[in-house]
Amino acid sequence: MQGTRVLVTGGAGFIGSHLVEHLGAWNDVAVLDDLSTGSLRNLETVPREIRLKRASIRNRKALSAAMAGHEIVYHLAAKTSVPDSVAHPEAYWRTNVQGTLAVLKAAVDAKVRRVVFASSAAVYGSSEENPKVETMRPAPASPYASSKMVGEFACEEIASLKGLETVVARIFNAYGPRQDPTSPYASVISKFSASIAENRGIEIFGDGAQTRDFLYVEDLTTALELAGERPVAGQIINVGSGTATSVSEVARLLSEIAGVPVRMKRVDPRPGDVRDSRADITKAAEKLGFAPQTSLREGLTRTLAWYRAQTH
Ligand SMILES: NC(=O)c1ccc[n+]([C@@H]2O[C@H](COP(=O)([O-])OP(=O)(O)OC[C@H]3O[C@@H](n4cnc5c(N)ncnc54)[C@H](O)[C@@H]3O)[C@@H](O)[C@H]2O)c1
């Protein structure tokens with residue numbers, strides 16, 4: 001993508017800031033973010049100046065002003081935790097459902113060409129079947145997953161009613177620098193990496209044999225760029241690595257990369273956690289020409305180096 005005017009909602013967050021960095025070198029990129037979990041620090045390494053508006057996607061005036069004149073919108077702004085959504089379902093409805101409806105409506109009004117929506121593998125729910133294929137019946141098992149599901153339906157509906165191009169990226173477990181390890185719901189790689197960087201032990205829920213499909217964030221931003229430019233309007237596309245790795249294996253690899261033995265403590269499994277999750281990425285390969293480039297070892301090496309740099 002080159003010379004395109006792009007708006008990234010949630011662009012100061014973990015994935016958003018990498019996407020802004022990736023697209024920012026060759027495009028005119030703006031960010032709309034309320035900085036509720038994102039931060040300006042995440043955007044410090046962006047090569048060119050970007051236009052940042054600090055406001056919520058639920059602020060209609062700010063949203064329509066931010067949207068004006070943009071060709072592509074990446075809609076990443078969201079509340080993102082499964083357990084938090086169980087505790088505060090209304091907040092997830094407001095931000096992820098009403099917020100997404102507002103983004104889609106504003107995009108139509110501003111004559112945006114395409115919206116790429118960051119959905120989640122969570123929509124597949126606790127189904128035991130693996131790998132997850134886009135044609136499976138979704139079975140959301142939390143308010144977070146349901147909110148993403150409704151977002152997907154809204155994309156489909158607005159595309160057919162208003163002609164806006166929409167693309168749904170069902171993102172699996174992204175990891176990499178800048179992922180927040182501090183929240184009680186932080187993802188496993190960010191928590192392990194931060195703990196190892198600070199010479200603390202790590203906690204493994206249950207037996208550690210549960211698997212996830214981990215995708216390095218720079219591979220994810222490549223896939224998102226492709227979703228913005230390829231002829232894939234109306235498509236739902238899994239974005240993952242296509243490989244399942246157990247949590248214990250992540251711990252072992254990180255300990256090996258760190259070059260120090262890591263204290264590991266087993267704690268009770270988390271109720272409601274999915275046992276195994278792996279993406280079928282055939283569609284991403286066929287429709288987007290996407291193939292992950294970063295091995296887990298390489299991605300973990302770069303991630304741990306970043307967390308170590310933060311502790312100095
Ligand atoms: N990280 C993953 O592995 C993963 C997996 C599947 C889907 N996703 C989706 O990708 C997107 C980005 O996730 P992330 O991991 O970077 O999370 P993040 O929390 O780092 O980023 C979300 C960003 O949205 C902003 N935001 C939240 N509510 C907002 C609002 N009302 N108005 C404006 N900005 C708001 C936050 O400040 C933050 O910068 C989310 O939509 C998430 O559901 C992430």
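Me: By class, how many nonpolar, polar and charged residues does the lining of the largest cavity have?

Reply: This is a predicted model, in which local features need pLDDT of at least 70, side-chain atom pairs count only at pLDDT 80 or more, and totals for chains, interfaces and linings use all residues. Residues are numbered from 1 along each chain as its sequence is written, and side-chain values use heavy atoms, with hydrogens and water left out. The lining of the largest cavity has 8 nonpolar, no polar and no charged residues (nonpolar: Ala, Val, Leu, Ile, Met, Phe, Trp, Tyr, Cys and Pro; charged: Asp, Glu, Lys and Arg; polar: the others, Gly among them).

Me: Which residues line the largest cavity?

Reply: On a 1 Å grid over the protein atoms alone, a cavity is a set of points where a 1.4 Å probe fits but cannot get out, and lining residues have an atom within 4 Å of a point. Here the lining consists of Val167, Val168, Ala169, Ala223, Ala227, Ile237, Val239 and Leu288. Strand 6 (165-171), helix 7 (217-229) and strand 11 (236-239) each give two or more residues to this lining, with helices (H or I, at least four residues) and strands (E, at least two) being DSSP runs numbered from the N terminus. Strand 6 supplies the largest share, 3 residues.

Me: How much space lies in the largest cavity?

Reply: A volume is the space filled by probe spheres set on the grid points, which are joined across faces, edges and corners. For the largest cavity this is about 30 Å³.

Me: What does the domain assignment give?

Reply: Domain bounds come from an automatic or database domain assignment. For this protein it gives domain 1 (5-174 + 217-241 + 281-288) and domain 2 (188-211 + 244-277 + 294-311). Their centres, taken over C-alpha atoms, are separated by 26 Å.

Me: How much area do domain 1 and domain 2 bury between them?

Reply: The size of an interface is often given as the accessible area lost when the parts come together. Buried area is that loss for a 1.4 Å probe, summed over both parts. Domain 1 and domain 2 bury about 560 Å², 34% of it on carbon and sulfur atoms. In contact (heavy atoms within 4.5 Å) are 8 residues of domain 1 and 6 residues of domain 2.

Me: How many salt bridges does the rule find across this interface?

Reply: A salt bridge is a side-chain nitrogen of Lys or Arg within 4 Å of a carboxyl oxygen of Asp or Glu. The rule finds 1 across the interface of domain 1 and domain 2.

Definitions and conventions:
On a 1 Å grid over the protein atoms alone, a cavity is a set of points where a 1.4 Å probe fits but cannot get out, and a pocket is an open set with protein on both sides within 12 Å along at least five of seven lines; lining residues have an atom within 4 Å of a point. Buried area is the accessible area (1.4 Å probe) that two parts lose on being put together, summed over both.
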